[in-house]
Amino acid sequence: MRTIRPLLAAVVAAVALTAAVLFGAAPASAHDVAESTAPANGASVAEVPASVSITFNNRPLAIGSGVTVTSGGENWADGAVEIIDNQAVQKLRPGAPAGQYTVTWRVVSSDSHPIEGTFSFTAASGSTTAAGGSAVASPSASAPAASVPSAGTSAPGTSGNEAAPAESQPFPWSIVGLAVVAVGLVIFLAVTARRKLAPTDSADAEKSAE
């Protein structure tokens, strides 16, 4: 019994190590994030742009996405949001007045979970875009792009997002390798313990027979 106890303790330690490797070293989970906006958050522009855009680190999904551009209590967004590469682009209706605008966006990230946020800008003069005209904003349009709050967290003026699930990450081969080594150690210790127990069991049986 004195021989088996240290071996059992080693086996238990190896099992604990395996569990820690498999469940405690998983990649951190996170949503996609908004990297910049056009116009930049808090920017002052000469006139109301033909469109606004949000640039993400991955391409968002078109389904379930939407952008509102409000000023004076009116939404000046024109039509549905467009997903162009990794941008969500929202056109504005002609005739939008000068003033402060609040852009509230909501998209479905590449991991199929909704993310949202908000930013604002001020226009010195109203829109001069002709009716029926079209324009697509880019991060450099109207004003320099700027960082915005993480798309995986609540931005000022928005409600909280649900807990973020794991996003796509490179497969953790190093973790798998450590797990294999730990499992191999468990098997080795178990076999060793069994072999050492066999002579002891035989000796105990002989003593009992005497």
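Guide: Two strands pair if DSSP finds at least two bridges between them. Keep that in mind as we look at this predicted model.

Visitor: How do you know that β2 and β9 pair?

Guide: Count the bridges. Four of them join β2 to β9. The rule asks for at least two, so β2 and β9 pair. The two strands run parallel. One point to find is A43, which stands opposite F121 in β9.

Visitor: Which strands form the open sheet, and in what order?

Guide: Five strands form the sheet, in the order β2-β9-β8-β4-β5. The pairing is mixed.

Visitor: What makes β2 and β5 edge strands?

Guide: Each has a single partner strand, so one side of each is left without a neighbour in the sheet. β2 covers residues 43-47.

Visitor: Why is the contact of E74 and R93 called a salt bridge?

Guide: Their side chains meet at 2.8 Å, N to O. The cut-off is 4 Å, and 2.8 Å is within it, so the pair counts as a salt bridge.

Visitor: What makes E74 and R93 a link between distant parts of the chain?

Guide: They are 19 residues apart. E74 sits in strand β5, while R93 is in the loop between β7 and β8.

Visitor: How do you know that E74 is partly exposed?

Guide: Its relative accessibility is 36%. Buried means under 20% and exposed means over 50%, so E74 falls in between. R93, at 25%, is partly exposed as well.

Visitor: What makes E82 and K91 a salt bridge?

Guide: The closest N and O atoms are 3.8 Å apart. That is within the 4 Å limit, so the pair qualifies. E82 is partly exposed at 30%, and K91 is partly exposed at 24%.

Visitor: Why does the pair of R106 and E116 count as a salt bridge?

Guide: Their closest N and O atoms are 3.1 Å apart, within 4 Å, so it counts. R106 lies in strand β8 and E116 in strand β9, ten residues apart.

Visitor: Are R106 and E116 buried or partly exposed?

Guide: R106 is partly exposed, at 38%. E116 has 10% relative accessibility. That is under 20%, so E116 is buried.

Visitor: How many salt bridges are there by this rule?

Guide: The count comes to three.

Visitor: How do you know that Q90 is buried?

Guide: Q90 has a relative accessible area of 1%, which is under 20%, so Q90 is buried. Look for Q90 in strand β7.

Visitor: Which residues of the largest nonpolar core touch the most other members?

Guide: They are V52, I54, F56, V67, Y101 and W105, out of 22 residues in that core. β3, β4, β8 and β9 each supply at least two residues of this core.

Visitor: Which residues is F56 in contact with, leaving aside its neighbours within four places in sequence?

Guide: Among them are V33, A88, W105 and I115.

How values were computed: Residues are numbered from 1 along each chain as its sequence is written. This is a predicted model: local features need pLDDT of at least 70, side-chain atom pairs count only at pLDDT 80 or more; totals for chains, interfaces and linings use all residues. Side-chain values use heavy atoms; hydrogens and water are left out. Helices (H or I, at least four residues) and strands (E, at least two) are DSSP runs, numbered from the N terminus. Buried means under 20% relative accessible area, exposed over 50%, partly exposed in between (1.4 Å probe, protein chains only). A nonpolar core is a set of buried Ala, Val, Leu, Ile, Met, Phe, Trp, Tyr and Cys residues joined through side-chain atoms within 4.5 Å. Contact means heavy atoms within 4.5 Å.
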